[in-house]
Amino acid sequence: SHGNKEVFSCRGILLAVQWFWDRGHKDITVFVPSWRKEQPRPDVLITDQYILRDLEKKKILVFTPSRRVGGKRVVCYDDRFIVRLAHESDGIVVSNDTYRDLQNERPEWKKFIEERLLMYSFVNDKY
């Protein structure tokens with residue numbers, strides 16, 4: 001949302017990570033589809049990609065799998081990675097997604113998502 005749905009803003013990810021880091025939270029994991037490492041195209045804009053590489057080197061960011069099949073991109077369902085890790089590590093999920101489909105997938109995830117989903121917003125560069 002930092003890029004106003006016009007561009008994928010890696011700076012927005014960094015601002016969110018920094019907000020939690022400054023408050024003493026050190027066990028932070030960011031999931032990003034691996035295709036975000038590719039060269040940006042006019043229809044899929046991305047800014048400050050170097051931030052993703054820096055966060056990956058610091059073991060904060062994990063790229064979720066994707067591949068090309070017959071010229072089309074196939075991505076995994078990364079919401080499941082997010083909810084599973086947060087549930088197993090007794091963490092929280094920071095997202096504006098409601099994960100409704102996953103609430104119905106596993107009974108233990110329903111209560112967890114209801115109680116551990118932290119939605120957010122940006123006002124310019126303020127998280």
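Start by selecting Glu-115, which is exposed at a relative accessible area of 52% (exposed is over 50%, buried under 20%, partly exposed in between, with a 1.4 Å probe and protein chains only). You are looking at a predicted model, where local features need pLDDT of at least 70, side-chain atom pairs count only at pLDDT 80 or more, and totals for chains, interfaces and linings use all residues. Residues are numbered from 1 along each chain as its sequence is written, and side-chain values use heavy atoms, leaving out hydrogens and water.

Next, pick Glu-114 and Lys-110, another salt bridge at 2.9 Å, N to O. Glu-114 is exposed at 51%, while Lys-110 is partly exposed at 37%.

Then select Arg-116 with Asp-90, whose closest N and O atoms are 3.0 Å apart in a salt bridge. This pair links distant parts of the chain, 26 residues apart: Arg-116 is in H5, and Asp-90 in the loop between H3 and strand E7.

Finally, move to Asp-79 in helix H3 (residues 78–88). Asp-79 is buried, at 12% relative accessible area. Leaving out residues up to four places away in sequence, Asp-79 touches Asp-97, Tyr-99 and Leu-102 (contact means heavy atoms within 4.5 Å).

Terms used:
Helix = DSSP H or I, 4+ residues; strand = E, 2+ residues; numbered from the N terminus. Salt bridge = Lys/Arg side-chain N within 4 Å of Asp/Glu carboxyl O.
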